Amino acid sequence: MDTFILLFEGLATATQPSNLMFALLGVMLGTAVGVMPGIGPALTVALLLPVSLSFGATGSMIMFAGIYYGGMYGGAISSILLNTPGETASIMTALEGNRMAKRGKGGKALGAAAFGSFFGGMFATLGLAVVAPFMVMVALSFGTAEYFALMVLSFMTVSAAFGGSMSRGLTALFIGLTIGIVGTDKLTGQVRLAFGIPEMSDNISIAIVAVGLFAIGETMYLASQYVNHKEKAQAVSGSVWLNWGDFKRCIRPYIRGTGLGFLFGPLPTGGAEIPTFLSYTTEKRLATGEARREFDEGLGAIEGVAGPEAANNASAAGTLIPLLTLGLPTSATAAMMLAGFQQYGLQPGPLLFTNNADLVWGLVASLFIANLMLVVLNVPFIGIWVKLLTIPRPWLYAGILCFATLGIVGAQGSPFALILLLGFGLIGFVMRRFGYPLAPALVGAILGPLAEEQLRRGLMINQGDWMFLIESRIALAIYAIALLSVFGPRLWALVRKASRKTTAAA
Amino acid sequence: MSGDPKNQAAEEDLRLPFDDETGHGTGKRDLAGLLIAVALFGLAMVIVNDASGYPIRRSYAKFGPEIVPYLIAGGISVMAVITAIMAWRGAFEARDPLNIGALSWLVGGIVLEIFMLYGGTGFIAGSAVLFAFAARAFGQKTLPLNLGIGLLLSTLLYLLFRYGLGLSLPAGPVERAIDLLLR
């Protein structure tokens, strides 16, 4: 019951006027960027990292979480009306949602998405509040060997899960690790890879890496493609409010989607893509009657919108569990939030719950408030967000670039930061063009220095004996999980393939 | 069901551990991919070269600040070899034609802003030029209009972040005039 007392105290933090304002700002920004194709919550948090330094730790974390949740809501809008997912978490929503919009049921699809997001967000946040304290208890017993193992787990899974190519994921990871060692070594003061440039002998700010790879690199990638940027948006047709019949069709997908999202969110498998995919296929398989016909004839079934939308918001909440309790980011946005914590000298992990209890529980409580705000913003005021789709793309992306450089120059106070930014932008562009995932590079740059610290502290305690790494049973178990999560999906594919063959034969 | 591209990806065959897992390779030798491999190898060399120059320390750890760079350099070398094999066997996916013109406008805009900020023209002018060039990169050919919108946006951003959040932005004549007016 402690949890609920703490949550209540958190509510006091979260309802302070300034924090309510940050939550509102976050959810509005998040929805806005979720709506616009090509810009996701990870990019937005990256853009705001440098400027948020003046917001205070609690305020900016509340805002970032609001952006994360808001992005999940907003992503549905462009998926349904444009058939262009605003971010990866909404890919599945586009399948049935856009078909519904073309048949004049866009309003219903948007309503199902918004209420699904609300349902998934609310229950998964509740789950987060209940589960997190147990995770903290486990994590408190961890020593250097276990933490190092956890980081290896994070490295392996983040490289395996993002994109489809393990070798490219690992390459991205190593590039990130290299970025992480630039600057002054924490333990000895040795300056590494600075090439005599004074700005580089301090460590490279994670904000520059994040904005460079995600914002600049992504914009370059979009510009480098010959794409016709004129898509036709479907008008919002029909009421966004669900009637009893719609609601009855949605409730089971909501529950299943929330379960899947909450289950997969904390696993280091790359955020919302897997649970939304599973939720969609589940709904498609279980559909009967009217829904069956709508799925089969490509008319757009509401279940196919409801499930994935509940799943992606639930996974956002689930992602926060390992982020807050262990300091492990399992999605790109979570990695950005970790960078946000580090900006304030805070290291997420079990100690955060004891040392900064008001921040943690204020953040969790604010998630409930953010969800309430979002459902209000996304149901009655849906029309305003749809207008965003009409901003001409050239000016939109130009504005993003201006904002990105503003943040970096303003926070670093030197034009040299822009040279670094351009460098990371070009790296990000080449990586995108050749199908390298960006998230492992970011996770490597953020977690690399922490992993190095654990490793070398451990080596110091054990007088240079590497065996300490595998003497802990917990650490061994974590390595086993790492191997399983890397090779598991392939085994799973093999099993599926085998079972498909047998069903085909029968 | 089979028409669903996402699903097809899930049904892909098992491939060799370090082959391209997404499995839509061109099968042709990929020069750009080989270049990436060379760049990775170069990066590994740079790291080793840097790490070998650290003064040797005696400590309980037996390993100093050079150990992790060596490990990373080793990892990168392995990835360089794998990348080279991938490029040789054409495991990279086919790429869309590269819009060099658009990319040049974009990179040019950023480079120009860097020069302008170092040259002391201030944030607003540099940012407006970046805006105009970036919009041009995305196909908006009305340069004067772009510049106008860029100036408007940059001035708004300057006011918001200089006075709203107290960020220190590079100041030129325009910024100094604004600061003087608002003081």
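Predicted model: local features only at pLDDT ≥ 70, side-chain atom pairs only at ≥ 80, totals over all residues.
**Stop 1: the whole of chain A**

For 506 residues, a compact globule would have a radius of gyration near 23 Å, and chain A has 22 Å, which agrees. Of these 506 residues, 61% count as buried. Now think about contacts between residues at least 6 apart in the sequence of chain A: 80% of them join residues at least 24 apart.

**Stop 2**

Next, widen the view to the largest nonpolar core, which has 217 residues. The members that touch the most others are Ala46(A), Ala210(A), Val211(A), Leu442(A) and Ala134(B). Colour helix α4 of chain A, residues 57–82: this helix gives the core its largest share, 15 residues. Chain B takes part too, with at least three residues from each of domain 1 (14–88) and domain 2 (100–182).

**Stop 2: a second core**

Select Met92(A), Ala94(A), Leu95(A) and Tyr280(A). They are among the 5 residues of a second, separate core.

**Stop 3: helix α11 of chain A**

Select residues 244–264 of chain A. How far apart are the end C-alpha atoms of this helix? They are 30 Å apart, and this agrees with the 30 Å that 21 residues should span at 1.5 Å a residue.

Look along α11(A) for a kink of about 30° at Cys250(A), shortly before the proline Pro253(A). Both Cys250(A) and Pro253(A) are buried, and other buried residues of α11(A) include Tyr254(A), Arg256(A), Gly257(A) and Phe264(A). To see what covers the buried residues, show other helices of chain A, including α6 (106–139), α12 (273–286) and α14 (303–326).

**Stop 4: the two domains of chain B**

Finish on chain B. The domain assignment gives domain 1 (14–88) and domain 2 (100–182). Give each domain its own colour, then compare their positions: the C-alpha centres of domain 1 and domain 2 of chain B lie 38 Å apart.

Definitions and conventions: Residues numbered from 1 in each chain as written. Chains lettered and ligands numbered in written order. Helix = DSSP H or I, 4+ residues; strand = E, 2+ residues; numbered from the N terminus. Expected span 1.5 Å × (residues − 1). Bend = angle between axes of the 7 residues up to and from the residue. Buried ≥ 20, exposed ≤ 12 C-beta atoms within 10 Å, placed from the backbone. Contact = placed C-beta atoms within 7 Å. Core = buried A, V, L, I, M, F, W, Y, C linked by C-beta atoms within 7 Å. Domains from an automatic or database assignment. Rg over C-alpha atoms; globule rule 2.2 N^0.38 Å.
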